[in-house]
Amino acid sequence: MQAQHAAIIQNKRSLMRAALISPLVVPFAFSLTYSTTVTFIEGASIEGFLGMFSIFLFFGLLLTYCVTFALVLPMAILLKKKNALSAIPICLWCTLIGPVALYMYTSLLGGGLEPTPAATKLVLPMLFGLVSGVSFCVISGIRLYPRSSGLKS
């Protein structure tokens, strides 16, 4: 009974719900920011903006959902089974996944990064990963620190 109670208090809402909603955050924000910037700098039309936004959003969502269901959700489930689910390891995990996901994303769109990117080029994808991890934790109600099994709620 105590193990079941400890598993319940690790997150307040469904991990599946977080896996379905959180992948929308980064691709939407990135697509909107990038498309808006290019539109204003290059003076593209509204049709150009919508086309660019749609393409980036589509591929961004496709990749982000794959990463979330292949890497983030299984990690959250593993941590929950070990009674160690908290925001810190999930956010660190997502931060580490960010550069790999961006590399896959640019490859999917036909571009590419250098084989060994400079440290400054890793900051933005790591930030994307962190934002994705934070949104996953907020949506699922994961605590910042794991609660020890001896504490009562």
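Because the model is predicted, local features are taken at pLDDT of at least 70 and side-chain atom pairs count only at pLDDT 80 or more, while totals for chains, interfaces and linings use all residues. Residues are numbered from 1 along each chain as its sequence is written, and side-chain values rest on heavy atoms, with hydrogens and water left out.

The protein contains six helices and zero strands, where helices (H or I, at least four residues) and strands (E, at least two) are DSSP runs numbered from the N terminus. Read from that terminus, the order of elements is α-α-α-α-α-α. Of its 153 residues, 35% count as buried, a term that stands for under 20% relative accessible area, with exposed meaning over 50% and partly exposed the range in between (1.4 Å probe, protein chains only).

Inside the protein, the count comes to one cavity of 30 Å³ or more, and the volume of the largest cavity is about 310 Å³. Of the 21 residues lining this cavity, V26, T64, A101, L102 and F128 are the closest to its centre. A cavity is here a set of points, on a 1 Å grid over the protein atoms alone, where a 1.4 Å probe fits but cannot get out, and lining residues have an atom within 4 Å of a point; grid points are joined across faces, edges and corners, and the volume is the space filled by probe spheres set on the points. Helices α3 (25–42), α4 (46–81), α5 (87–108) and α6 each supply at least two residues of the lining, and α4 gives the most, with seven residues. By type, the lining divides into 14 nonpolar, seven polar and no charged residues, with Ala, Val, Leu, Ile, Met, Phe, Trp, Tyr, Cys and Pro counted as nonpolar, Asp, Glu, Lys and Arg as charged, and the others, Gly among them, as polar.

V26, named above among the residues closest to the cavity centre, lies in helix α3 and counts as buried because its relative accessible area is 15%. The C-alpha atoms of V26 and L61 are separated by 8.7 Å, although the two residues stand 35 apart along the chain. In helix α4, F53 is also buried, with a relative accessible area of 13%, and its C-alpha is 8.4 Å from that of T36, 17 residues away in sequence.

L124, a residue of helix α6, is partly exposed at 45% relative accessible area.

Two further residues remain. Y103 lies in helix α5 and is partly exposed, with a relative accessible area of 39%; 8.9 Å separates its C-alpha from that of P125, 22 residues apart along the chain. N83, in the loop between α4 and α5, has a phi near 60°, a positive value in a residue other than glycine, and counts as partly exposed at 29% relative accessibility.

How values were computed
On a 1 Å grid over the protein atoms alone, a cavity is a set of points where a 1.4 Å probe fits but cannot get out, and a pocket is an open set with protein on both sides within 12 Å along at least five of seven lines; lining residues have an atom within 4 Å of a point.
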